Amino acid sequence: MYFDAVTIMALVDELNDRIVGGRVQDSVEIDDESFGLEVYAHHVRHYLVISANQQFARVHLSSEKLRRGVQKPSPLGLLLRRYVEGARVEAVRQPAWERMVIFEMDGPEGMFELVAEPMERRANLLLVRDDGIVVDCARRVGPQENRVRISLPNHPYEPPPPQKMKRDPDSLTLTLLGDMLDGAPGDQARQVLTRHLLGFSPIVAREAVFRATGSATARAADTSARALLNVIEDLFGAFGAGQWDPGSVISDEQVEAYAAYPLTHLDGWTPAASISAALERFYGPLVGEGAYAAAKQPVQDAITEAKGRVAKKLESLRRGLQDDAALEHLRQSGELLLAYQYTLKRGQTELRAQYEVDGPELVIEIDPSLSPLENAQRYFEKYDKAKRAREGVPQLVDAAEQELGYLSQLESDLALASNWPEIGEVQEALQAGGYWRGKRIAQPGGGKSGPLKVAGDDGFVIWVGRNSRQNDAVTFDKGTSEDVWLHARGVPGAHVIIKSAGRDVPDAVLRRAAALAAYYSQARTEARVLVDVTQRRYVRKIKGGKPGMVTYRNESPIEVVPSAE
């Protein structure tokens with residue numbers, strides 16, 4: 001995790017310098033969780049990215065013009081157009097040591113705040129009126145999910161709870177720091193800092209300890225409190241004074257980390273012009289549906305190559321199944337040698353004979369160093385060996401067909417991937433399966449993507465798996481035997497569960513879930529798609545199969561138009 005409170009401090013300084021006083025000329029919905037604002041300030045157009053992605057939430061200026069990446073705007077996207085377009089950016093601020101960016105704006109609807117909470121797994125973007133009431137938000141959180149902090153339209157905005165039991169670094173003394181280190185001598189010093197002090201994310205703590213001891217993993221017992229305090233005062237003194245020196249860690253042409261200060265504990269530090277430039281270097285430009293095309297290409301190339309190899313293997317196996325003549329030739333040769341053994345002459349190297357009266361003449365090679373009986377036995381041994389090998393071919397064909405199906409599913413997963421975690425999971429699956437050749441390609445780390453949850457006013461919850469790993473989780477973790485299960489017929493795609501708890505599912509809910517199953521499948525571009533519907537109890541994992549590979553029975557088809565939530 002790098003998008004921490006210190007990164008936000010540097011970002012807020014940059015945004016106050018570059019966009020405050022500017023006017024928002026346009027707003028775009030980049031994807032389901034990311035929004036962009038075009039701000040004209042100081043005679044320059046700036047492109048602001050605000051992403052509430054649950055793994056890679058962030059805020060930064062983009063070097064490229066942002067483009068709309070969704071076919072239909074969300075309710076929040078429509079409200080942003082109404083509130084934000086034409087608004088003046090009055091201020092950008094950050095509550096002390098919090099991972100929040102608050103944009104104060106004055107627009108057509110009056111004063112309001114745009115509150116970005118770029119925290120992994122809890123990321124959100126909220127449009128809040130001047131009276132503190134939430135107009136809408138990217139991620140709605142009701143009382144069933146969080147009884148303490150509700151984020152819903154027409155409810156008061158509740159900021160994240162304060163971080164208790166942590167001290168402000170500015171109040172740190174030598175005695176206090178010494179007591180902290182002495183209190184956990186066996187722990188690493190960086191763990192002590194993150195546990196007791198505000199503003200110390202893991203990467204800030206590692207850097208501080210490294211500068212003080214020469215090792216980012218030094219134990220608390222081996223760390224000088226005085227040396228560490230001097231480093232902390234220097235670092236946080238620079239932060240407080242707005243003295244930023246942003247950059248990235250680049251290794252083998254891959255960006256591995258970023259920070260608003262030099263990371264001396266990692267090799268490959270490369271300065272950046274601004275913290276936004278460092279962030280964009282790490283995450284890549286976010287410009288709509290094509291934003292991840294470059295990242296997907298090497299993964300797609302690996303899938304294409306693997307499918308080609310497996311297809312050739314499958315063709316060879318199927319050809320072996322059909323080659324009955326060669327197998328029969330071995331058996332018939334042995335039997336003819338037995339029948340003609342007393343007519344063979346010493347040194348004879350070939351026998352020509354018919355196995356059937358009306359059949360073709362067979363040419364049988366003979367080893368003159370062996371007796372006729374030994375030659376016959378050799379042919380029978382070859383026949384038995386070939387027969388045993390052939391008996392295993394159907395299983396190999398089945399395995400190759402499963403393998404090809406799994407690669408097709410990964411190809412579908414990649415096509416549907418809309419963020420770094422989902423692309424990374426396809427790559428990881430290829431690497432785990434031995435399909436990846438060459439060096440591993442680094443992706444921004446931190447967390448796994450989760451299945452889509454769709455909750456309706458009818459009380460039914462729909463879970464949608466958007467890749468193989470999610471499919472496994474949706475079917476066998478989220479789903480129970482009495483739930484309804486759906487999958488697009490005959491193509492790789494999403495496993496969909498309707499949490500019914502044995503209740504009858506209304507036709508509207510069923511069709512909604514089927515439309516999602518069709519949309520998150522390889523048939524998403526078809527006008528109409530057949531979707532199989534069955535109960536979860538009739539779905540079974542394929543023995544020895546890859547994640548998400550199942551068989552099912554007792555299905556009924558339903559024809560729907562593919563539609564995203």
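This is a predicted model: local features need pLDDT of at least 70, side-chain atom pairs count only at pLDDT 80 or more; totals for chains, interfaces and linings use all residues.
Close-up 1. The structure holds 26 salt bridges.

**Close-up 2. Asp-483 and Lys-499 join in a salt bridge**. The N to O distance is 2.8 Å. Asp-483 sits in the loop between α13 (468-478) and β17 (484-488), and Lys-499 belongs to strand β18 (residues 496-499). The pair therefore ties together parts that are 16 residues apart in sequence. Asp-483 is buried, with a relative accessible area of 0%. Lys-499 is partly exposed, with 25% relative accessibility.

**Close-up 3. Glu-38, Arg-45 and Lys-65 form one network**. Salt bridges that share partners join these residues.

**Close-up 4. Arg-352 forms a salt bridge with Glu-361**. The closest N and O atoms are 3.6 Å apart. Arg-352 is partly exposed, with a relative accessible area of 48%. Glu-361 is also partly exposed, with a relative accessible area of 48%.

**Close-up 5. The second largest pocket is lined by 30 residues**. The space in this pocket is about 680 Å³. Glu-98, Arg-99, Met-119, Arg-122 and Gln-163 are the lining residues that lie nearest its centre. By class, the lining has twelve nonpolar, eleven charged and seven polar residues.

How values were computed: Residues are numbered from 1 along each chain as its sequence is written. Side-chain values use heavy atoms; hydrogens and water are left out. On a 1 Å grid over the protein atoms alone, a cavity is a set of points where a 1.4 Å probe fits but cannot get out, and a pocket is an open set with protein on both sides within 12 Å along at least five of seven lines; lining residues have an atom within 4 Å of a point. Grid points are joined across faces, edges and corners, and a volume is the space filled by probe spheres set on the points. Ala, Val, Leu, Ile, Met, Phe, Trp, Tyr, Cys and Pro count as nonpolar, Asp, Glu, Lys and Arg as charged, and the others, Gly among them, as polar. A salt bridge is a side-chain nitrogen of Lys or Arg within 4 Å of a carboxyl oxygen of Asp or Glu. Buried means under 20% relative accessible area, exposed over 50%, partly exposed in between (1.4 Å probe, protein chains only). Helices (H or I, at least four residues) and strands (E, at least two) are DSSP runs, numbered from the N terminus.
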